[in-house]
Amino acid sequence: MFTGIVTDIGEVLALEQRGDLRARISTRYDVDRIDLGASIACDGVCLTVVETGHSDTSGWFEVDISAETIAASALGAWVVGRPVNLERALRVGDELGGHIVSGHVDGMAEIMEMRHEGDSTRVTLKAPELLAPFIAPKGSIALDGISLTVNEVNGPDFGVNLIPHTKQVTTWGRLALGQVVNIEIDTLARYVARLREWSKP
């Protein structure tokens, strides 16, 4: 489990197509304290660490990305040099600063509009039609692994607000119109919808 609070921005150092796609990602985390098999959210996708090591400038870890993950997320657009939002798995006793995030991405949303309001940036995105009913004003959503509050909803379109701090400590300061981001709907919304479906006569 994760909180949607990004704690590092890594960089894709290498990509190698094996049976699955192997990615090497730089990090400021102490890789000597990352166990093989540990979970790290990479742009919001929970991935398993399969190898760690050191370069001249930083530590790195490697993950295997399955074809299913590539089909369901924006990780297929990764290229060498791309920055990546990172969050280590939540530990018992850690502060829950965002909301409960599983790292199981539901789909992708496209950035439709970006406009500055003071020092902040308002972003409008288009969600897949199947996910739109799960997105509610003032509800929580995870975009590329970042816990955000939904400002408004208009059909499949929804808006979020990015304060300067968020743009500085995540990859959102580098995103542009037309790009797609990973979207994970709020777990609570998922279960409420399932309960309503189950209660139908």
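## Ground rules

Strands here are DSSP runs of E with at least two residues, helices are runs of H or I with at least four residues, and both are numbered from the N terminus. Two strands count as paired if DSSP finds at least two bridges between them. Strands of a sheet pair through backbone hydrogen bonds, either parallel or antiparallel.

The model you are looking at is predicted, so local features need pLDDT of at least 70 and side-chain atom pairs count only at pLDDT 80 or more, while totals for chains, interfaces and linings use all residues. Residues are numbered from 1 along each chain as its sequence is written, and side-chain values use heavy atoms, with hydrogens and water left out.

How many residues of domain 1 are in contact with domain 2? With contact meaning heavy atoms within 4.5 Å, 13 residues of domain 1 touch 13 residues of domain 2. The buried area is about 940 Å², and carbon and sulfur atoms give 50% of it. That area is the accessible area (1.4 Å probe) that the two parts lose on being put together, summed over both. On the domain 1 side, Ile 9, Ala 74 and Asn 85 supply 44% of what this domain buries against domain 2, more than any other three residues.

## The barrel S1 to S6

Six strands close into a barrel in the order S1-S2-S5-S4-S3-S6, with antiparallel pairing. Neighbouring strands of this sheet are turned by 45° against each other on average, direction ignored; the axes are lines fitted to C-alpha atoms (for helices over the stretch in contact), and angles between N-to-C directions run from 0 to 180 degrees.

Let's walk around part of it. Strand S1 (residues 8–17) and strand S2 (residues 21–27) run antiparallel and are joined by six bridges, and Gln 17 has Leu 21 in S2 as its bridge partner. Strand S3 (residues 39–42) is joined to strand S4 (residues 45–54) by four bridges, again antiparallel, with Ser 39 partnered by Thr 48 in S4. Two residues lie between S3 and S4 in their hairpin, where Asp 43 takes a positive phi near 55°. S4 then pairs with strand S5 (residues 59–65) over five antiparallel bridges. Here Glu 51 stands opposite Glu 62 in S5, and the hairpin joining S4 to S5 passes through four residues.

## The barrel S7 to S12

The other set of strands forms a closed barrel of six, running S7-S8-S11-S10-S9-S12 with antiparallel pairing. In this sheet, neighbouring strands are turned by 45° against each other on average, direction ignored.

Strand S9 (residues 140–143) is joined to S10 by four antiparallel bridges, and the bridge partner of Ser 140 in S10 is Thr 149. The hairpin of S9 and S10 has two residues between the strands, and Asp 144 in the turn has a positive phi of about 50°. Strand S10 (residues 146–154) also pairs with strand S11 (residues 157–162) over four antiparallel bridges, with Val 150 opposite Val 160 in S11. Their hairpin has two residues between the strands, and Gly 155 takes a positive phi near 65°.

## Rings and charges

What sits over the ring of Trp 60? The charged end of Arg 24 does, 3.5 Å from the ring centre; the criterion is NZ of Lys or CZ of Arg within 6 Å of the centre and within 35 degrees of the ring normal.
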